[in-house]
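Me: I would like to learn how to read helix packing and salt bridges in a structural model. Could we go through one example together?

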Amino acid sequence: MRDSLLTTPLRSEAVAAGPGRGREVLGTGGLLTSLLKLAERDGQPSWFRPWLEAERQAQQLRTYQLTLVPGLLQTANYARAMIRTDDLITDDEVERRLGVRLDRQSILSDPSRPKYIAVIEESVLRRADEGYRGLMAEQIAHLVECAERPQVDIHIVPASVTMHVGLVGPFALARGTDGGWVGHLENQLGGVVVDKDEDVAILLSRWESVRSEALPRRQSVELMKDVMTSWS
């Protein structure tokens, strides 16, 4: 059902095991090695490559974030600041990763662009001290601009909603041309593509739950504008 999204559905155990063990788990011969080389060529970590392919082929994308602005909606300044929080990488690597992240965003302006729906916690918009308020004001202005595009919906979960299932963690979903869905989960060490039917069903159910807690599109835009105005 999800072949149109994942030409090679890499399982998490295969990615974690590395190319040698991955070939044994997947039975793909040299295909996994080829994918890893493609990931290196494109400047993407190997664990991210399967999701990137799903993202590029998707007819609809959904994402829920409780701590960060989603990568597809980040400004260059916001993305650079987030990448720089990892003090183990060099300035050159920061700029390389920034370029890769910004390149991903081209799918939202592509003629065959997918419908993109993002649900973001209000706390994400307000996470900035004096030194970062200008950066966040710029980022929120960009979110408002993106939300005016017909193919982009941004919904904010207001701070008044204190407990809901989304707080367990962020996730993303992609729907292919055949109607099938795959999911993606990230953690501190990498990420996992979710393609088992039962697991995808859980993520779809949780999406409906967090989406129901969020404000409608227009009210979300007004809330973003209010936050931005409060910092000016």
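Reply: Two packed helices are described by the angle between their axes and the distance between the axes. Here the axes of helix 5 and helix 6 come within 9 Å and cross at roughly 135°, where axes are lines fitted to C-alpha atoms, for helices over the stretch in contact, and angles run from 0 to 180 degrees between N-to-C directions. Helix 5 is therefore oblique to helix 6, since angles under 35 degrees count as roughly parallel, over 145 as roughly antiparallel, 65 to 115 as roughly perpendicular and the rest as oblique. Helices (H or I, at least four residues) and strands (E, at least two) are DSSP runs, numbered from the N terminus.

Me: Which residues of helix 5 and helix 6 make the contact?

Reply: Contact means heavy atoms within 4.5 Å. From helix 5 the contact takes in Ala76, Ala79, Arg80, Ile83 and Arg84, and from helix 6 Asp91, Val94, Glu95, Arg97, Leu98, Arg101 and Leu102. These residues divide into six nonpolar, no polar and six charged, with Ala, Val, Leu, Ile, Met, Phe, Trp, Tyr, Cys and Pro counted as nonpolar, Asp, Glu, Lys and Arg as charged, and the others, Gly among them, as polar.

Me: What should I know about the model and its numbering?

Reply: This is a predicted model, in which local features need pLDDT of at least 70 and side-chain atom pairs count only at pLDDT 80 or more, while totals for chains, interfaces and linings use all residues. Residues are numbered from 1 along each chain as its sequence is written, and side-chain values use heavy atoms, with hydrogens and water left out.

Me: How many salt bridges are there, and which residue does Arg80 meet in one?

Reply: A salt bridge is a side-chain nitrogen of Lys or Arg within 4 Å of a carboxyl oxygen of Asp or Glu, and by this rule the count comes to twelve. Arg80 meets Glu95 at 2.9 Å, N to O; this pair links distant parts of the chain, with Arg80 in helix 5 (residues 76-84) and Glu95 in helix 6 (residues 91-104), 15 residues apart.

Me: Is Glu53, the partner of Arg56 in another salt bridge, buried or exposed?

Reply: Buried means under 20% relative accessible area, exposed over 50%, and partly exposed in between (1.4 Å probe, protein chains only). Glu53 counts as buried at 17% relative accessibility, whereas Arg56, at 40%, counts as partly exposed. Their closest N and O atoms are 3.3 Å apart, and both residues lie in helix 4 (residues 49-57), three residues apart, about one turn of the helix.
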